[in-house]
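The sequence and the structure are shown first, and the notes follow by topic.

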Amino acid sequence: MSYVMKSILALKLKQYYGTLRASSSARVSTIITYLLIMFSAAGAATLMRSLYGIAGIGDLPRIITTVTFIFSALFIFETYLGMKGGITALKSEVDFILPSPIKPSTYLIADLIFQLIFLNVMLTPAISIFIATLLYPDEQYLFTFLIVYEISILMATIIAHGLGVLGVRGYRRVAKVSGWILIAFMLIPIILNMLNIRVKPIATLHPSEILARLAVGAQEALDLPLLTIWLAAVLGLYLQALRIKVFSDVNPLLTTGFMEPSSRWTKLPYLKLDFSKSSLHLYLIKFHLVRICRDGSLGASALFLAIFIIANMSLSKVAWSSLRPELALTILTALYIPLIPALLTINWNVVERVNLWSSASSSNGLRNYLDGMLSSYIIVSASFAMVFYGLMNMMIGENPFMILDLLLALTTSIASTTISMLMALRSGKPATALSHLALLYAAIPMAGSIILDLPLLIIRGLETLATSPPPWLLASLTAYPLSLLLILRRRILSASESFAYALGNSI
Amino acid sequence: MESLLRVRGLWKSYGETLAVADLSLSIRAGEIHGLLGPNGAGKTTVVKCIVGLLRPDRGEILVNGVETTTSESYKSLIGYLPEDPALPEYLTVEEFLGYIARIRSVKPQEAKPRISELMETFNLTRLKHEFIGSLSKGLRQRVAVASAFIHKPKILILDEPFLGLDPEGQLKVKSMVKQVVEDGGAALISTHMLDMAERFCDTVTIMYRGRKIIGGDVRSVKQLVDANSLEEAFIKLVNRR
């Protein structure tokens, strides 16, 4: 590794992980974050084992299906980042390093190494725990899994870089189309599994399936040669990418990972924000809806949710003949919906927090602003929850409009939105879109909303009560999310004053 | 005359770093007050404490007689412009000014002509449907300055308002500030541009390393240290320390 490359890599690492050096509390909170994430991963795997009836390596087809989904998800995530730019430059790098006379290939290789470190630090602990729990009592396969997983991370990062380089060479449209084709390709095994169709050539040739079989020691004769061909293909692509001569138009991807660049906003001319109409609260709800549409947060949430829906329909197909699929779906709704407000809040932290001087210096400005934000996020989360839940139930032929489930969707939306917002209001500094703190932004609302959902989940689990609840129970359960909203809304509004003071330190 | 803004014994630290120490100042109606000092003197900290973006460690800030830490109502009197303001890039110029009007409780029927008037004043009318993200730094500064005047504030708190503005823009800001002051209001202008402050401000407070080193009307400050300009006065005062 050349001296320049080492220096760039060191700078990237210092920029990204530099806060850990600032104080012992930063280090302690990182350790707590990891512990929480690892517990969540173990919990999710345990839940999968019980819901889908997976019991170690003995259930090879289900294990292979699950591992295939993990690899596909990894490829989709990196392809998505590739479409957004692929190269993880922070703003200071865009301003100071890229205009300096370094070879683009030197920068690209330094960035590739950084991305490998970054993805490993971010994902590997949680994925290792998840797989180990899923494989129990056959954890000896974890080592093989990790080797194959590293190969998949390398391939995925190279794909992201390839798409990113296409973009900076001026072929942004080609990069975008190629990205969508790749995402569709990576979804094929999941969709086929959902539809219960087995297409032999796909199972044989698809990289996620090959990697999954190799990861759990169930390889077929052609798997290793085919993987070598895939690996050679992406390495060939990377060698082409390294021949780039000039960088231009590189995005600060690590902070804007889940957003659209501002040039796209003009393409939404039908979204208008008229200040002269409606009450202040309605106006602010619309303001926030326009904001999340224009900055791409809503689109990113819809994309993530679509992938979760497809993955879940597919996984449910694996097991629903033997278990209670409608209960599995209810729990999954409660688990996944918190990701929507979490993602919206992460993006809000990046895009909007710095703009709040205007609200914070107005009388009751911040209170009104946060109140509007709370309502708009609940509307978005609840709408997504209803669609998610409705679609999944229709797929398995259940009643998609059961009152208890609608109440559960509403409660989950209220709980997760308020918890996400409270986290953002109480944190001194914003989390970037792709940081370990961002994982906490997803994990805590998820855990918190599950706890607050418990009354509904317990009753939902009792089949007789759930199908025909007595009127008093129904009334209590209807009052529950509304009371929750009243209590948590008060907490958010009362946090607005101290948040204004916190803003002064960070903007 | 009654003070519109009074700061008494203000202290503020960031952890171990003392940013403002025992600062007092007073601004009466009809007065343009310059808060002056070099980079890192603590000017922005004072401004943020006044507008409610920072909680003072000690001291008292009274806006029109209202203690700022006890009620938010004083904020409706204030027009604020931060140093290097971040603006919502996803809004158009007109949408942003409309948004500020709404959160500043300006009635929609009054907001419309006011926004048109301000866009006209700051030459923004032709850009009203442009996204703020597509504007240059100077044009963004014009938008931000315009937003400080939307609700016809009585007290202006402007932190480095002339940064990034062309001469025409600077002239417009000065005339808008003068208009507010002539209507019985007051202005606090934080800047490190001493020559501009000398010409534009009635009274000044000069800060250095978090402390007030002198205050009063511009002429008396110069006389006190036997200087021909504020710049010279500042250098003499700093060298004495």
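In chain B, strand β1 (residues 3-14) pairs with β2(B) in the antiparallel sense, over eight bridges. Strands are DSSP runs of E of at least two residues, helices are runs of H or I of at least four residues, and both are numbered from the N terminus. Two strands count as paired if DSSP finds at least two bridges between them.

The model is predicted: local features need pLDDT of at least 70, side-chain atom pairs count only at pLDDT 80 or more, and totals for chains, interfaces and linings use all residues. Residues are numbered from 1 along each chain as its sequence is written, while chains are lettered from A and ligands numbered from 1 in the order in which they are written.

**Strands of chain B**

- Within the pairing of β1(B) and β2(B), Lys12(B) has Val20(B) of β2(B) as its bridge partner.
- An open sheet of four strands runs in the order β2-β1-β4-β5 (chain B), with antiparallel pairing.
- Its edge strands are β2 (17-28) and β5 (66-67) of chain B, each of which pairs on one side only.
- Six bridges join strand β9 (residues 203-208) and strand β10 (residues 211-217) of chain B, again in the antiparallel sense.
- The bridge partner of Ile206(B) is Ile214(B), in β10(B).
- Two residues lie between β9(B) and β10(B), which form a hairpin; in the turn, Arg209(B) has a positive phi of about 50°.

**Contact between the chains**

- In all, 34 residues of chain B are in contact with 30 residues of chain A, contact being C-beta atoms, placed from the backbone, that lie within 7 Å.
- On the side of chain B that touches chain A, the elements giving two or more residues are α1 (43-51), β6 (78-81), α2 (93-103) and α3 (108-121) of chain B.
- The most comes from α2(B), with seven residues.
- By class, this side of chain B has 19 nonpolar, six polar and nine charged residues (nonpolar: Ala, Val, Leu, Ile, Met, Phe, Trp, Tyr, Cys and Pro; charged: Asp, Glu, Lys and Arg; polar: the others, Gly among them).

**Chain A**

- Helix α4 (residues 60-84) of chain A has 20 of its 25 residues buried, so it is largely enclosed by the rest of the structure; buried means that 20 or more other C-beta atoms, placed from the backbone, lie within 10 Å of the residue's own.
- After α4(A) comes Gly85(A), with a positive phi near 150°.
- Chain A is divided into domain 1 (1-256) and domain 2 (277-507), with bounds from an automatic or database domain assignment.
- The centres of domain 1 and domain 2 of chain A, taken over C-alpha atoms, are separated by 27 Å.

Conventions: Two residues are in contact if their C-beta atoms, placed from the backbone, lie within 7 Å. A residue is buried if 20 or more other C-beta atoms lie within 10 Å of its own, exposed if 12 or fewer, and partly exposed in between; C-beta atoms are placed from the backbone.
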